[in-house]
Amino acid sequence: MSSGKSFYVTTPIFYVNDAPHIGHAYTEVATDFLARWHRQAGDDTWMLTGTDEHGQKILRTATANGVTPQEWADRLVEQSWKPLIETIDVANDDFIRTTDPRHEKAVQDFLQKLYDDGFIYAGEYEGFYCVGCEEYKLPNELADGTGQYEGEKVCAIHSIPVERLQEKNYFFRMSDFQERLIELYESNPTFVQPDSARNEMLQFIRQGLSDLSISRSTFDWGVKVPWDESHVVYVWFDALLNYVTAVGYGQDDANFDRRWPATHIVGKDILRFHSVIWPAMLMAAGLDVPRQVYGHGWLLVGGEKMSKSKLTGIAPTEITDTFGSDAFRYYFMRAITFGQDGSFSWEDLSARYQSELANGFGNLASRVVAMIERYFEGVVPPQGPASEADLAVQKVVADAAAAANAAVERLAIHDSLSAIWTIVDELNGYITDMAPWQLSKDEANRERLGTVLYTAAEGLRALAVLLHPIMPKATEKLWTALGHRDVLGELSAQPVREAATWGQLTAGTSVNGLEPLFPRIETPVA
Ligand SMILES: [Zn+2]
């Protein structure tokens, strides 16, 4: 079922030199959740992720490891980045690498067009360069070094010394786009979200934009500038273009028109690249700007941003090996307000796993399936006349589904999950109040008992549909146990915007044993 709406969503591309940590996984899961939701809603959905493989830092690491930069990138893509997206159960539609010929060719076409149209000129650049950031730093982005770097200027983000570089560069006339960017921000107030991020970027643009150095000639690991092969394209300029090269820019116009523009999900530390430089590049090329740029917050562990350089990096497998990928996905999307910084702790993860997943949702599912097996020999009973309590359940389901869909539209992922969870709480309360085990004691209550279990099972159906984008594995198990596959079809094909339509469960459907969706974790995690 197609809604006819296009939804193209992207993650930033991973810098291959980094080691995957839960910060990367967080962005991936958020993006994948949105993609799965829209896909299940019938929107023409495309999710892109990939790797950023050029630049001086990659070249240096590869050389230090005695391999070519291409070999180094190949190794990390296969050993680190593709395994990461499997670990957290991401269903991306494409994986682009900036060393793909399709990308390199399109980057050159894009650059040549800007050059031919007068948006690029040759000039001299002198400044402080951070190899960690792969960018020139402004004086206010530097700090005084300490310890082994005492007396030197260091990058405020990386705490490593910056290098003073002077080179002939090609420059992009970004300063030409200041007014158009301000106009964009004002005419489209949700272009950059959340509001705090938008305001910060707008203020930055209003201070005035400098032209951007977009080539390097001191090393050669990058896309060659087409009219001057002694230069390679600045790694950020190259990387940003992945969002259009992956969907056919300059090579497949039909596909490009079908997909573009995209919604970009990025960490707030790279917001400026995506909400200032990138739209200016697109404007220069005569292309549409992104649909939206969303800057999410940082994951904090012990109050510090998660990153390898700060030694707080946690590998996603450390969590998924114990709790599974569904719990990983659920925890980070539920516990942290999307758009704000959030703290990760093992205690919080463990507590939510136990109370919300194992006891709240998992136990509810097991009980309902077990009662249909016990009282109705595993066959879903028909629904009799609805009582007030039954109608209340139907209303909670309808309200929750509407609220969840609305929250996803504004990328409030945490709100969508809280809304869906009202169904879990309602059904648990409903079963306690209706006490099917009491009803079962008197044959006269047979019809009422059937209605109660039908209502609970139908609520579970809605939950499976609504929770599928966040916990694909557990909901598939539930879908199988409820016997829906033969009657309603695949879970991934159930339209999420119609999840609340009551009565989709057919009486007479056979249910079968459900193993615990979220098994008890035996070893307490420190
Ligand atoms: Zn830096």
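Helices (H or I, at least four residues) and strands (E, at least two) are DSSP runs, numbered from the N terminus. In this predicted model, P194 falls in the loop between β10 (192-193) and α6 (195-206). The peptide bond leading from Q193 into P194 is cis. Its omega lies near 0 degrees. A cis peptide bond also joins W260 to P261, here with omega near 10 degrees. P261 sits in the loop between α9 (253-259) and β15 (263-267).

Distant parts of the chain are linked by the pair C130 and C155. C130 belongs to strand β5 (residues 120-130), whereas C155 belongs to strand β8 (residues 153-155). The two lie 25 residues apart. Both C130 and C155 are buried.

Strand β5 also holds G123. G123 counts as buried because its relative accessibility is 18%, and the cut-off for that class is under 20%. A contact across the sequence involves this glycine. G123 and F171 are 48 residues apart in sequence. In space, their C-alpha atoms are 6.7 Å apart.

Two residues other than glycine adopt positive phi values. For E134, phi is about 55 degrees. E134 occupies the loop between β5 and β6 (135-137). This residue counts as buried because its relative accessibility is 2%. For S159, phi is near 55 degrees. S159 is placed in the loop between β8 and β9 (163-172). S159 is partly exposed, because its relative accessible area is 37%, and that class lies between the 20% and 50% limits.

The largest cavity has a volume of about 30 Å³. Its lining consists of G55, Q56, Y129, E134, R216, F219, V233, Y234 and V235. By class, five of the lining residues are nonpolar, two are polar and two are charged.

Strand pairing was examined around β3. Strand β3 (residues 44-52) is mostly covered, with seven of its nine residues buried. Strand β1 (residues 6-10) pairs with β3 in the parallel sense. Five bridges make up this pairing. F7 stands opposite T45 of β3. Strand β2 (residues 14-15) also runs parallel to β3, joined by two bridges. Here Y15 has D52 of β3 as its bridge partner. A further parallel pairing connects β3 with strand β4 (residues 94-97). Four bridges are found between β3 and β4. In this pairing, T51 has R97 of β4 as its bridge partner.

A separate paragraph of the analysis concerns β12, β13 and β14. These three strands form an open sheet in the order β12-β14-β13. The pairing is antiparallel. The edge strands are β12 (215-216) and β13 (224-225), each of which pairs on one side only. Strand β14 (residues 228-233) is joined to β13 by two bridges, and β13 and β14 run antiparallel. V225 stands opposite D228 in β14. R216 is a lining residue of the largest cavity, and residue 216 falls within β12. V233 is another lining residue, and residue 233 falls within β14.

Definitions and conventions:
Residues are numbered from 1 along each chain as its sequence is written. This is a predicted model: local features need pLDDT of at least 70, side-chain atom pairs count only at pLDDT 80 or more; totals for chains, interfaces and linings use all residues. Side-chain values use heavy atoms; hydrogens and water are left out. Buried means under 20% relative accessible area, exposed over 50%, partly exposed in between (1.4 Å probe, protein chains only). On a 1 Å grid over the protein atoms alone, a cavity is a set of points where a 1.4 Å probe fits but cannot get out, and a pocket is an open set with protein on both sides within 12 Å along at least five of seven lines; lining residues have an atom within 4 Å of a point. Grid points are joined across faces, edges and corners, and a volume is the space filled by probe spheres set on the points. Ala, Val, Leu, Ile, Met, Phe, Trp, Tyr, Cys and Pro count as nonpolar, Asp, Glu, Lys and Arg as charged, and the others, Gly among them, as polar. Two strands pair if DSSP finds at least two bridges between them.
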